[in-house]
Amino acid sequence: MAGHTNAFPDLERDLRFCPLGVESPRTVSKEQISRYNDQGFLAPIDVFSNREVADIREYFDDLLMRALAAGWTAGELTNWHLHCRGVYDLVTHPRIVDIVEDFLGSTVILRNCHFFIKLPGDGHRVSWHQDASYWPLTPSKVISVWLAIDESSPANGAMRVIPRSHLHPGVPFRRSTPEEHNVLSQTVDNPECYGDAPFSLELKPGQISLHSDWILHGSEPNRSDRRRCGLAMRYLSSDVRASDGWNKDSVICRGADPSGHWSNHPRPAHDSIPGKQQGTERTTRSFTHGWTDRGATAS
Ligand SMILES: O=C(O)CCC(=O)C(=O)O
């Protein structure tokens, strides 16, 4: 199958990796910022105590149960900060935003969030990919936070990264095959050609990892008897521009967007499970189908 290098040939995008970090960070150290820029990720960082994450897990268990009862699958919980107060409170949590501010500066915008859930034996994997490849955004001033709600280990399919691969933006990819059981749609073959050996992001509940939108990452199926759930949150700075409506689900967590490009959704009044009709458009826009290979440029 042909390899593609540009998922959006009609869009003018600056595909370079943008080093992040403010002059005087207040929460992380300068050394951590340069490690992030050098390696493309940073982990683990303690955010929530055992008590706090036990409450988060209890909240999430209930949310997932109600979502499944309403007909959603475990892979579809995208942008529920728009409907659920508890999710909104997580993605705008001051301790998370403080960390992100040290990378992006005084304006921090949440573009999207997604629960990456792997149930024991569900066979789902996340094939190796670079996020910025299938996101219609420019420039790449975007950072992902992945919060471990459950413990994340190699046995239950922890995320893995290829350190330094963010320095190779736009590596060739192909459309994933059904046999891969990839929850996304792109696959990069031979990821080890683009950086160091794969590194497993083992996290205790309540810890986070940070990763660049250009780092190669993915995860194997959950071969344990324990669930693996993480909440991925994507933050960006206000000068990033989005196409295809990818600016519609955002929250301005800190600072301001004078251009008005980014939506600023209010805190939901309740924890409502969206109807399938209402939520599906957002899942489609923000997650798996940002890219179709019809217009992609082959390498
Ligand atoms: O949770 C996973 O295994 C993959 C997550 C991922 O691809 C991401 O957060 O960008």
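Which residue in β13 is the bridge partner of V145? In this predicted model, the partner is M233. The sections below place that pair in its sheet and then in the whole protein.

## Pairing of strand β6

Strand β6 covers residues 142-148. Strand β13, residues 228-236, pairs with β6 in the antiparallel sense, and 7 bridges join the two.

## Burial of strand β6

Of the 7 residues in β6, 7 are buried, so the strand is largely enclosed by the rest of the structure. The burial applies to both faces. On one side lie V142, S144, W146 and A148, and on the other I143, V145 and L147; all are buried. A residue counts as buried when 20 or more other C-beta atoms lie within 10 Å of its own.

## The protein as a whole

The protein contains 6 helices and 16 strands. Its radius of gyration is 18 Å, close to the 19 Å that the globule rule gives for 299 residues, so the protein is as compact as a globular protein of that length. The C-alpha trace spans about 45 × 45 × 35 Å along its principal axes.

Buried residues account for 45% of the 299 residues. Among contacts with a separation of 6 or more, 87% are between residues 24 or more positions apart.

Note on methods:
Residues numbered from 1 in each chain as written. Predicted model: local features only at pLDDT ≥ 70, side-chain atom pairs only at ≥ 80, totals over all residues. Buried ≥ 20, exposed ≤ 12 C-beta atoms within 10 Å, placed from the backbone. Helix = DSSP H or I, 4+ residues; strand = E, 2+ residues; numbered from the N terminus. Pairing = 2+ DSSP bridges. Rg over C-alpha atoms; globule rule 2.2 N^0.38 Å. Contact = placed C-beta atoms within 7 Å.
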